[in-house]
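Here is a short briefing on one protein model. Please look over the sequence and the fold before reading on.

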Amino acid sequence: MPTKWVRIWNERLPDVPLTLIPVSAAEAADVLRARGADAGFVRLPIDRTDLSAIPLYLETTVVVIPKDHVAAAVDEISAEDLADELVLHPLDDTLDWERPPGQPAKERPATTADAIELVAAGVGLLVVPQSLARLHHRKDLTYRPLTDAPGSRVALSWPEEETTDLVEQFIGIVRGRTVNSSRGRPRTPAEPKKDKRAEAGGGAQRKPVGKSGGKPAAGGRRGGAGGSKTSKGVKGGKGVKGTKGGKPRRRP
């Protein structure tokens, strides 16, 4: 699922490597709290203590079946269609079921990967979010959408105290912001405003700071050239208007 976002990251920030770390849904929040990752995709609900999270989408729920199963002939399956089927319910199940469909197995598989192997062996069927069906894809298995099942909500999460510029960059990519978006590009300091009078070569002088009621001149910074009495930042000044250079004339 994250392939598109990784590609965009590599295009926008080619000098900053982005590494994907696969973890189970049950471990994801703890990995983030332990700073094992800067951000991660989690399945809601999670304990939000010390974590920020942005809900992204609701994932489709599917039934994993053997390719030669009768249900492979239809486009979608209902929970009622599974009433007489043995449906595996692994211990790491991420769906919030009140009661899983079908007939329960005597023992629950430890993981989704174990359940996939049992489906391939013809033991039963498995209901999972679509991305997990893709993750555990096998040539002898297929899947169909389950119409009346709860979906799995996916969110982007990260430690609250680690909302860095790079994390903001990744949030922007995941949320579809363009490269020109102010929230989707690195923060850069604003350029200081230029004094148009100085560029034009005029001799106008700035009002010094520190006088009664005085304010910094336009473009000046506190404690900088704009607040000094000499105003070295102004070009073109040659002294007081009306006086001439050279020695004073003597009276006869």
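Keep in mind that the model is predicted.

**Overall make-up**
- The protein has 252 residues, and 33% of them are buried.
- It contains six helices and eight strands.
- Along the sequence, these elements follow the pattern α-α-β-β-β-β-β-α-β-α-β-β-α-α.
- Among contacts with a separation of 6 or more, 64% join residues 24 or more positions apart.

**The five-stranded sheet**
- Strands of a sheet pair through backbone hydrogen bonds, either parallel or antiparallel.
- Here, five strands form an open sheet with mixed pairing.
- Their order is β5-β4-β6-β3-β7.
- The edges are β5 (103–104) and β7 (141–145), and each of these strands pairs on one side only.

**The β3 and β6 pair**
- Strand β3 covers residues 61–66, and strand β6 covers residues 125–129.
- The two strands pair in the antiparallel sense, over four bridges.
- T61 has P129 in β6 as its bridge partner.

**The helix across the sheet strands**
- Helix α3 spans residues 112–120.
- This helix lies across β3, β4 (86–88), β6 and β7.
- Relative to β6, helix α3 runs at about 140°.

Terms used. Residues numbered from 1 in each chain as written. Predicted model: local features only at pLDDT ≥ 70, side-chain atom pairs only at ≥ 80, totals over all residues. Heavy atoms only, no water. Buried < 20%, exposed > 50% of the residue type's maximum accessible area, 1.4 Å probe, protein only. Contact = heavy atoms within 4.5 Å. Pairing = 2+ DSSP bridges. Axes fitted to C-alpha atoms, helices over the stretch in contact; angles between N-to-C directions.
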